[in-house]
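Reader: I have two chains on my screen. Show me how to read the place where they meet.

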Amino acid sequence: MTSKSPEQISEEAKLLIVDYLNKIDDMKPKERTQIPVQEMPAQDPRQRIKNLDEVALGYTIEQARIEAMRCLQCVKQTCVDDCPVKIDIPRFIDHIAHGQMKEASDVIKEASLLPAICGRVCPQETQCQLNCAVGKALKDVDKSVAIGRLERFVADWERATGKVSIPEVKPETGKKVAVVGSGPAGLVVAADCRRQGHHVTVFEAFHKLGGVLRYGIPEFRLPNEIIDKEIETLKLMGVEFKTNFVVGRTRKLTDLMDKDGYNAIFVGTGAGLPMFMGIEGENLVGVFSANEYLTRANLMRAFEKGKADTPIYPSKNVAVLGGGNVAMDAARMAKRLGAEKVYVVYRRTEVEMPARKEEVAHAKEEGIEFYFLQNAKKIIGDEKGRVKAMECLRYELGEPDASGRRRPVVIPNSEFILNVDTVIVAIGNGSNPLISQTTPQLNVNRWGNIIVDETQKTSVDRIFAGGDIVLGAATVILAMGEGRRAAAAINKMLAEEIEKEKAAVN
Amino acid sequence: MNKILFKLQLSKDVYLMRIEAPLIAEERAAGQFIILQVDDEYGERIPLTIADADVTEGSITIIFQVVGKSTFQLSRMNVGNEIPTLVGPLGKPTHIEKFGTVVCVGGGIGVAPLHPIAQALKNAGNHVITIIGARTKDLIILENEMKAIADEFILCTDDGSYGRKSLVTEPLKEICERNPKPNMVIAIGPPIMMKFCAETTRPYEVFTQVSLNTIMVDGTGMCGGCRVNVGKEVKFVCVDGPEFDGHKVDFDNMIARLNSYKEFEKEMHNCYLEKEIQEKEAAR
Ligand SMILES: Cc1cc2nc3c(=O)[nH]c(=O)nc-3n(C[C@H](O)[C@H](O)[C@H](O)COP(=O)(O)OP(=O)(O)OC[C@H]3O[C@@H](n4cnc5c(N)ncnc54)[C@H](O)[C@@H]3O)c2cc1C
Ligand code: SF4
Ligand code: FES
């Protein structure tokens with residue numbers, strides 16, 4: 001994306017800002033759209049493929065203020081309309097432009113609890129930045145105001161200056177809320193319910209907290225330190241965490257209420273059961289789900305070879321199947337683990353790829369090769385049952401389907417062989433089966449996703465659900481949004497009960 | 001949490017531990033397993049069957065063989081130490097009912113998970129025939145416990161150092177030839193033993209249940225590392241199993257997958273062997 005070094009970018013911004021600061025409140029929209037888009041400083045690709053450190057380094061304060069001055073402060077705020085949690089974007093951006101970082105942070109926090117995370121992983125180009133007036137004026141969505149980077153800047157500024165404020169917690173109500181799963185959905189419910197003074201316990205199956213943020217998304221995109229900080233804040237608020245606790249197995253879901261006295265439960269167990277393609281050779285040694293590959297590398301620390309006891313497959317040539325963020329993460333992780341060649345094989349074209357644009361660009365810079373309009377037909381093994389190659393098929397775009405997208409169709413006899421020793425499948429997830437297996441009264445759809453009403457309430461009294469377990473594999477921000485809604489419903493239900501109990505006493 | 005309450009060395013490389021885990025003790029049923037880590041930063045997750053549980057004491061019993069670094073480290077932990085990560089009970093419980101005559105075949109360390117199942121089958125009114133086997137006498141575990149349950153008891157060693165000199169499949173075949181043939185066989189042990197037990201019973205069409213010990217990471221159905229071919233389907237051992245119809249399991253693929261990291265583990269193995277030798281020398 002950029003050939004400039006972080007130092008260069010920083011110097012340029014320092015020079016530029018002097019002039020802009022003089023006319024900060026007097027610029028015409030035209031002038032603002034002419035302010036240069038601020039590039040994200042990044043680690044040199046040649047270096048970063050050897051480490052797990054974050055790739056994007058974050059704006060300097062001058063860059064953030066310049067970028068913020070590009071915002072037109074529109075009356076019709078399309079950015080806010082397109083934000084799943086309705087952050088007051090122009091208002092926080094205006095604070096940044098004026099150097100009021102604390103105020104900017106407060107505005108974001110009215111709507112979003114995890115800005116350091118969302119600023120890094122949200123698909124901004126399909127959300128807030130999609131219809132930004134600046135991007136429209138310049139006829140290029142990549143030139144929209146970099147809302148995500150600004151959000152990240154504010155959150156990082158707050159963390160770096162040690163000014164993270166612990167949200168206020170109301171007096172204890174004596175009510176207990178159980179949160180199952182410590183992914184973004186669960187963490188948001190924990191925060192929102194705890195603020196109302198309820199006792200909150202988060203149950204997590206793994207030994208570490210954070211859900212996909214920890215075991216799926218690699219540190220080069222989202223450092224663990226950031227997740228740790230968010231969890232520390234929750235702990236300081238008095239949220240209780242129980243790791244190594246598989247609800248449904250260690251304790252039945254309903255027993256949390258019947259035996260342990262919880263008054264409400266939120267189920268945020270995330271996606272589960274990785275999908276495979278159902279092609280020949282998929283169980284050969286050397287074929288992994290992206291979940292397994294990334295969990296070994298991230299959560300089990302297999303990246304730190306020699307230190308970690310969990311092994312990771314030594315690969316030279318890797319094919320990753322899929323075109324989403326998960327595929328990008330797996331491909332880039334394989335590269336960092338020492339693979340010489342990494343191919344992303346995707347059935348459609350680059351335009352249809354659901355991955356964040358920035359990740360695709362970063363992957364390309366890191367030497368990942370993209371095979372568009374191709375797909376695996378079968379995986380071929382050697383005499384020991386290990387992957388030795390993959391047979392692929394070429395596709396072309398056919399007639400548009402019902403959704404208006406042109407559908408990929410196979411080109412007959414287009415088979416070719418890709419020499420790989422490892423195949424990582426990243427084509428999506430089904431639903432986590434544990435809760436529904438052990439809680440038959442909970443209604444799920446035919447894909448196993450929990451069915452909820454508009455307040456996130458399930459078919460079972462006092463049990464709410466949200467995030468990927470409801471939506472299927474979705475996004476961090478949507479999971480958070482569902483968590484917020486569920487917490488509001490839980491808080492309302494418990495408040496009404498407390499009222500009733502008071503009335504009965506009087 | 002997860003304090004080791006009792007530890008006993010059963011044979012050269014096999015240890016029994018009773019660990020404080022009240023919730024797991026309360027919920028577990030025969031056939032289920034736990035996953036543990038001896039170090040929650042860099043440790044590996046290892047699945048182990050729950051051999052027994054004591055609800056009053058709030059403890060579970062595990063029996064494990066030292067096969068790599070993690071099990072070696074576990075074997076070095078002592079009464080009073082706490083195991084940092086212990087999660088369970090995982091997997092589906094064994095389906096227990098009165099089937100009639102059930103042959104329980106256990107190989108090596110596989111006798112540990114077999115024991116609670118045999119006990120439950122006995123309690124349900126089955127006629128339980130037990131065959132236990134090992135390479136050599138020193139590797140036989142839980143002989144008395146299994147004998148106490150069994151209506152018929154057969155013990156064999158590969159080298160003839162104890163009991164009958166044969167593989168477990170020999171007496172199994174003889175039992176299948178009886179009239180009436182047994183109603184069911186449960187075989188638990190090394191994959192190769194389970195494979196041959198299934199091959200032995202196949203011509204007699206005796207339903208043969210095996211308990212698979214694949215590689216696992218999460219144990220909750222999230223990673224797919226534990227997947228096996230069962231008939232035409234792909235199953236996840238941690239949530240669909242661990243027990244499957246032995247006549248349908250693709251053992252060759254399962255064994256190849258188990259050995260995915262063999263080279264890597266060999267290195268580890270050598271490390272721990274060296275360490276053990278050093279320790280022994282130091283003790284001398
Ligand atoms: C590799 C990868 C990259 C991604 N990249 C992006 C991205 O760039 N941008 C984006 O917006 N989204 C991304 N996503 C999607 C996003 O991470 C998810 O949509 C989001 O994390 C869902 O949140 P959640 O809270 O519903 O569940 P999860 O984050 O899945 O958390 C669920 C938690 O519940 C635990 N759990 C499950 N069952 C039980 C049980 N029975 N008892 C106790 N605990 C249980 C799990 O161990 C887990 O910790 C990515 C996903 C992956 C896998
Ligand atoms: S649409 Fe773009 S320019 Fe308009 S307020 Fe939002 S961020 Fe600013
Ligand atoms: S161990 Fe991960 S799905 Fe079974």
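Author: Start with the term. Contact means heavy atoms within 4.5 Å. This is a predicted model. In it, the contact takes 45 residues from chain A and 47 residues from chain B.

Reader: What ipTM and pTM does the model score?

Author: The scores are ipTM 0.88 and pTM 0.91. Where pLDDT is low, the predicted coordinates should not be read in detail. Chain B has an average pLDDT of 91. At least 70 is reached by 92% of its residues.

Reader: How much area do chain A and chain B bury between them?

Author: The general idea comes first. Interface size is often given as the accessible area lost when the parts come together. Here, chain A and chain B bury about 3900 Å² between them. Carbon and sulfur atoms carry 52% of it. On the chain A side, R249(A), N283(A) and D309(A) lose the most area to chain B. Together they make up 21% of what that side buries.

Reader: How many salt bridges and polar contacts are there between chain A and chain B?

Author: Six salt bridges link chain A and chain B. One salt bridge joins the side chains of K252(A) and E27(B), at 3.3 Å from N to O.

Reader: Which elements of chain A supply the side that touches chain B?

Author: Strand 5 (271-274), strand 6 (287-289), helix 15 (290-297) and helix 18 (434-438) of chain A each supply at least two residues. Helix 15 gives the largest share, four residues. By class, this side of chain A has 19 nonpolar, eleven polar and 15 charged residues.

Notes. Residues are numbered from 1 along each chain as its sequence is written. Chains are lettered from A and ligands numbered from 1 in the order in which they are written. This is a predicted model: local features need pLDDT of at least 70, side-chain atom pairs count only at pLDDT 80 or more; totals for chains, interfaces and linings use all residues. Side-chain values use heavy atoms; hydrogens and water are left out. pLDDT is the predictor's confidence in each residue, from 0 to 100. Buried area is the accessible area (1.4 Å probe) that two parts lose on being put together, summed over both. A salt bridge is a side-chain nitrogen of Lys or Arg within 4 Å of a carboxyl oxygen of Asp or Glu. Ala, Val, Leu, Ile, Met, Phe, Trp, Tyr, Cys and Pro count as nonpolar, Asp, Glu, Lys and Arg as charged, and the others, Gly among them, as polar.
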